[in-house]
Amino acid sequence: MNDSERLAIAAHLHVALRRKTGRVTDTEWMASDTAYGQAMAQFALNHARSHQDAELERLALRFAASLPGAPAPASATLTTAAAVPAADPAAPQGLVASARRYVGGLR
């Protein structure tokens with residue numbers, strides 16, 4: 001998938017997150033920074049699954065699949081919260097912490 005397609009999907013996810021959660025995201029950074037993109041996709045998936053929002057879940061899965069090096073989602077719809085991983089254990093702790101600070105600072 002090329003960068004412009006990923007940016008378009010990120011823009012759709014941005015609009016959905018703003019409308020449904022009040023979360024403001026940085027669309028360009030979400031499309032270019034894999035860690036931030038994964039964090040926003042995970043946030044969207046958690047919200048979608050806890051509120052049973054199929055549209056937001058579809059957008060989040062589509063965006064997550066568009067990220068470089070991202071594995072294809074196993075299923076288009078997972079309805080149990082237990083199926084959502086809490087964090088990527090392979091991610092460096094400093095990177096995860098900085099992503100959380102940025103994400104938390106947006107509110």
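Predicted model: local features only at pLDDT ≥ 70, side-chain atom pairs only at ≥ 80, totals over all residues.
Searching the whole structure turns up one aromatic pair. That pair is tryptophan 29 with tyrosine 36: the ring centres are 4.1 Å apart and the planes sit at 20°, and because planes under 30 degrees apart count as stacked, that is what we call this pair. As a reminder, an aromatic pair is described by how far apart the centres are and by the angle of the planes. Tryptophan 29, for its part, has 27% relative accessibility and therefore counts as partly exposed.

Let me step back to the overall layout. The protein chain holds five helices and zero strands. Reading from the N terminus, the order is simply α-α-α-α-α. The chain has 107 residues, and 34% of them count as buried. If you take contacts between residues at least 6 apart in sequence, 53% of those join residues at least 24 apart.

Now, how do the helices pack? For two packed helices, we describe the angle between the axes and the distance between them. Start with α1, residues 3–21, and α3, residues 34–50: their axes come within 11 Å and cross at roughly 45°. The two helices are therefore oblique to each other. The crossing of α1 past α3 is left-handed. On the α1 side the contact uses Leu13, Leu17, Lys20 and Thr21, and on the α3 side Met40, Phe43, Ala44 and His47.

Next, α3 with α4. Here the axes are 8 Å apart and the packing angle is about 160°. Angles over 145 degrees count as roughly antiparallel, so that is the word for α3 and α4. This crossing is left-handed. From α3, the residues making the contact include Gly37, Ala41, Ala44 and Leu45. From α4, they include Leu56, Ala60, Leu61 and Phe63.

Which residues does leucine 17 touch, leaving aside those up to four places away in sequence? They are Gly22, Arg23, Thr25, Met40, Phe43, Ala44 and Leu56. Leucine 17 lies in helix α1, and with a relative accessible area of 0% it is buried. One more distance for this residue: the C-alpha atoms of leucine 17 and leucine 59 are separated by 9.9 Å, although the two are 42 residues apart along the chain.

The charged end of arginine 23 sits over the ring of phenylalanine 43, at 4.4 Å from the ring centre. And you have met Phe43 already, in the contact between α1 and α3.

Last stop: where is glutamine 52? Glutamine 52 is in the loop between α3 and α4, with α4 spanning 54–66. Its phi is near 50°, which is a positive value in a residue other than glycine. At 74% relative accessibility, glutamine 52 counts as exposed.

Thanks, everyone, and I'm happy to take questions.

Methods: Residues numbered from 1 in each chain as written. Heavy atoms only, no water. Phe/Tyr/Trp six-rings, centres within 6.5 Å; stacked < 30°, edge-to-face > 60°. Buried < 20%, exposed > 50% of the residue type's maximum accessible area, 1.4 Å probe, protein only. Lys NZ or Arg CZ within 6 Å of the ring centre and 35° of its normal. Axes fitted to C-alpha atoms, helices over the stretch in contact; angles between N-to-C directions. Helix = DSSP H or I, 4+ residues; strand = E, 2+ residues; numbered from the N terminus. Parallel < 35°, antiparallel > 145°, perpendicular 65-115°, else oblique. Left-handed = near helix turned anticlockwise from the far one by under 90°. Contact = heavy atoms within 4.5 Å.
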